[in-house]
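Thanks for coming, everyone. Let me put the structure up, and then we'll go through charged residues and the interface.

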Amino acid sequence: MCLRIRAALTALALAVGALTVASASAAADPISHPTTSALSAAAALPASPCTLSGTVRTCELWARSGTLPLPAGSTPASVPVWGYAASATGPAEVPGPLLLATVGETVRVVVHNLLTVPTSLLLPEQNLPPDTTGAAPGEDVTYEFVAARPGTFTYEAGLTAGGPRQVAMGLAGALVVGPATPGTGYGTPETGYDDEAVVVLQGIDPAFNAAPATFEMSKYRPRFWLINGRAFPDTGAVATGAGRRLLLRFVNVGLEDHAMSLVGIHQTVVAADGNPLAHAYTVLSENIAAGSTVDTIVAVPAGLAPGTRLALYDAGRHLDNAGHVTDGVTDFGGMLTFLTVGP
Amino acid sequence: MDLWYGANGPATRTARTSRAAAAFLAVGALLLTSGSAALPAAEPGESGIVCTTSSSATFSLTTAGGYVGIPDGNTVFMWSYSLAGGGFQLPGPVLCVTEGDTVTITLQNTLPEPVSLMLPGVTGMTANGSLAQPVYTDGRLTSLVPAAPTGGTVTYQFTATDPGSYLYQSGTDPAKQVQMGLYGALVVRPADHADWAYGTEASRFNPDAEYLALLSEVDPDLHAAVERGAAYDVTKLHPRYWMINGRSFPDTIAPNYSAWLPNQPYGSLIHIRPKDPVANPYPALVRYVNVGDRIHPFHPHGNHGRTIGRDAHPLVADVDQSFENFLADVGPGQTWDVTYDWTDVEQWNPDTNPIPVPLPQDQNLVYKDDATWYGGSPYLGVTDSLPVGVTSYNECGEYYQMWHSHALNEAANFEAGFGGMMTLERIDPPGGCP
């Protein structure tokens with residue numbers, strides 16, 4: 001007879017999104033900033049520091065060092081990281097804050113370099129030449145582009161000499177450009193949604209993070225796997241509801257591919273790297289290559305009972321926290337979360 | 001020695017024979033188990049998918065430990081699902097059901113830790129009557145679906161609503177248990193067309209040429225740790241063996257139920273004839289199922305395939321989204337249904353249409369280990385002499401192509417090639433071999 005103890009978890013009313021990384025508080029909730037008033041429990045985009053003036057969307061980021069907490073019982077308990085802060089005095093965030101704009105706007109991203117090495121910014125899907133110089137420590141650099149098309153995109157430390165190591169340290173995040181009329185990913189009925197979530201995928205190698213300048217990169221091997229900067233059981237659930245359409249914006253700013261699968265429900269792939277597909281296709285598990293984005297729509301069946309949990313996880317089984325074991329059994333960790341069906 | 005198939009209770013096993021002429025295997029006896037055992041309905045063919053069916057879509061599985069053989073002489077301890085009353089087998093049985101069936105799978109667990117059976121691609125699966133949900137013990141997640149404790153049983157049930165190929169695997173301590181071998185495949189056939197992959201004629205295939213290619217990796221050191229009861233560190237995973245249907249090349253091309261592979265019943269030889277609009281109009285179907293932890297870029301060398309569906313979703317429904325290429329990039333947790341035709345375009349014939357270039361001389365051909373599948377002649381259906389001392393496995397001038405994971409480290413047994421995730425496509429002359 002199998003014992004089942006249902007955990008008394010309340011469905012977290014959160015948008016899966018960027019975290020405020022506090023050096024002390026390991027139990028901080030992922031930020032919840034729902035933008036829909038009708039269903040405050042539904043997943044939505046996290047808050048973005050970008051502000052609109054006329055047709056110019058300005059986003060300011062401060063590249064700085066910080067600390068990322070790891071799940072309780074992990075060794076180490078936290079790792080040094082480099083992340084983008086949303087304000088001059090705010091903590092480094094991993095992943096960086098969501099950059100959010102609307103199609104047609106001129107987007108101006110200002111990077112303030114609080115690191116001790118030069119840093120630039122790379123927006124691979126936007127029409128910008130790569131910046132191999134960036135800003136010196138203490139200086140700023142500004143990037144400006146027109147958000148020509150809606151979609152899910154990436155931003156990360158750019159191609160200065162130390163750029164790739166900076167990305168591995170945590171300097172990366174998601175850029176979302178919404179269509180003119182909200183409610184769809186790309187202005188089409190096929191990409192219409194009720195709830196949406198950004199799902200940023202990364203790995204952390206504590207040995208590398210301890211010595212980023214000198215670490216031998218051929219030995220880089222993440223031991224912690226993150227969704228939106230957290231490893232299970234600290235990952236945020238993705239709240240949705242029966243009969244609702246959920247848009248999952250997968251953003252892989254890690255160094256490995258991740259095949260993201262669901263249990264008990266399928267996902268329809270509607271876009272890749274911010275390009276809407278002419279013909280969507282439905283799968284259970286889809287590979288999200290390193291550096292790429294994939295948008296899927298999950299149509300939640302109408303009859304699902306409130307409280308139902310549907311696993312969303314790395315089918316390649318990065319489901320541990322550095323192999324942590326309790327009573328001889330590897331604890332669930334890493335790149336795992338749940339879609340939760342709300343009331 | 002573990003033996004195979006006492007089919008027990010309502011489950012029977014039928015196989016797709018690849019060629020009527022080669023249906024019979026000269027292999028060991030079928031064991032009848034105690035009680036109301038039923039003999040399988042048909043002898044399994046040398047090659048082709050081996051289905052376990054049940055008139056009531058009810059299957060009794062049990063977990064078991066056992067050993068599998070690798071062509072380099074090693075044996076590896078593994079865990080797997082086996083048919084209750086049957087012997088250990090890797091992978092678990094291929095469960096074949098029909099669209100609309102209510103499928104019941106009872107899992108009895110004999111292993112020293114809780115084990116579950118998860119079908120990620122199935123919606124609405126219940127466990128012991130309730131929707132299968134993640135299990136928490138003392139506030140910690142311990143299983144993605146309800147598990148059977150040691151000595152215990154769980155009954156899973158679902159309605160097979162969507163035709164296609166599915167994987168099943170343990171949802172408990174998956175990084176260890178799935179690596180140990182707790183996996184298998186499920187096939188749902190459309191209600192009225194057993195030779196369609198999906199509910200559309202565009203997915204029709206040759207039922208005598210249906211294959212499973214279940215892809216997995218094996219880290220023998222981690223398996224040895226389990227065998228000895230030592231600690232298992234998932235972060236040290238380093239696979240050395242690579243498998244199709246639980247076997248490594250060249251065992252992959254051995255017949256189904258080969259006597260020397262008693263715990264590994266399923267081969268993956270693809271055995272077809274040239275496409276012919278009258279005699280052989282429908283393609284072969286390969287159901288790729290990746291229960292591993294990495295992409296296996298499977299390359300059907302010499303013969304492109306058409307992907308007609310993924311994860312039990314057709315790509316040939318209202319809109320034709322099927323595509324042809326030389327690689328099925330099957331990722332973790334994915335199933336890909338791919339069809340293959342081989343068309344004799346040139347129709348080379350030594351008398352009426354000879355190959356218009358000089359043929360390579362024997363001394364310019366290489367025979368690895370003095371063995372070959374080459375018949376001595378490049379003409380389909382023709383054999384010719386080979387250098388003295390070379391052993392040929394060719395029967396009647398058929399063609400062979402090597403199909404393999406194009407991550408070439410996986411086409412090896414512990415870094416020694418050829419081996420691992422590799423099989424052969426065999427193309428017989430139009431009339432087959434005598």
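Start with Glu125(A). This residue sits in the loop of chain A between strand 6 (121-122) and strand 7 (140-146). Strands here are DSSP runs of E, at least two residues, numbered from the N terminus. A word on the source: this is a predicted model, where local features need pLDDT of at least 70 and side-chain atom pairs count only at pLDDT 80 or more, while totals for chains, interfaces and linings use all residues. Residues are numbered from 1 along each chain as its sequence is written, chains are lettered from A and ligands numbered from 1 in the order written, and side-chain values use heavy atoms, without hydrogens and water.

Is Glu125(A) buried or exposed? Buried, and it has no salt bridge. Buried means under 20% relative accessible area, exposed over 50%, partly exposed in between, with a 1.4 Å probe and protein chains only. A salt bridge is a side-chain nitrogen of Lys or Arg within 4 Å of a carboxyl oxygen of Asp or Glu. The nearest side chain of opposite charge is Arg149(A), 6.7 Å away. Lys and Arg count as positive, Asp and Glu as negative; His and the chain ends are not counted.

What does Glu125(A) have instead? Its side chain makes a polar contact of 3.0 Å with that of Thr154(A). That term means N or O atoms within 3.5 Å; within protein, one must be able to donate a hydrogen and the other to accept it, and residues adjacent in sequence count only if both atoms are side-chain atoms.

Now the interface. Chain A gives 46 residues to the contact and chain B gives 45, contact being heavy atoms within 4.5 Å. Two salt bridges cross between chain A and chain B. One joins Asp331(A) and Arg140(B), at 2.9 Å, N to O. On the side of chain A that touches chain B, strand 16 of chain A gives the largest share, five residues.

Next, salt bridges within the chains. Over all chains, the count is 20. Glu196(A) and Arg249(A) form one at 2.9 Å, N to O. Glu196(A) is in strand 10 and Arg249(A) in strand 13, so the pair ties together parts 53 residues apart in sequence. Both are buried.

Last, chain B. Glu210(B) pairs with Arg189(B) in a salt bridge at 3.0 Å. Both of these are buried too. Finally, Glu395(B), Glu398(B), Arg426(B) and Asp428(B) are linked in a network of salt bridges.

How values were computed. Helices (H or I, at least four residues) and strands (E, at least two) are DSSP runs, numbered from the N terminus.
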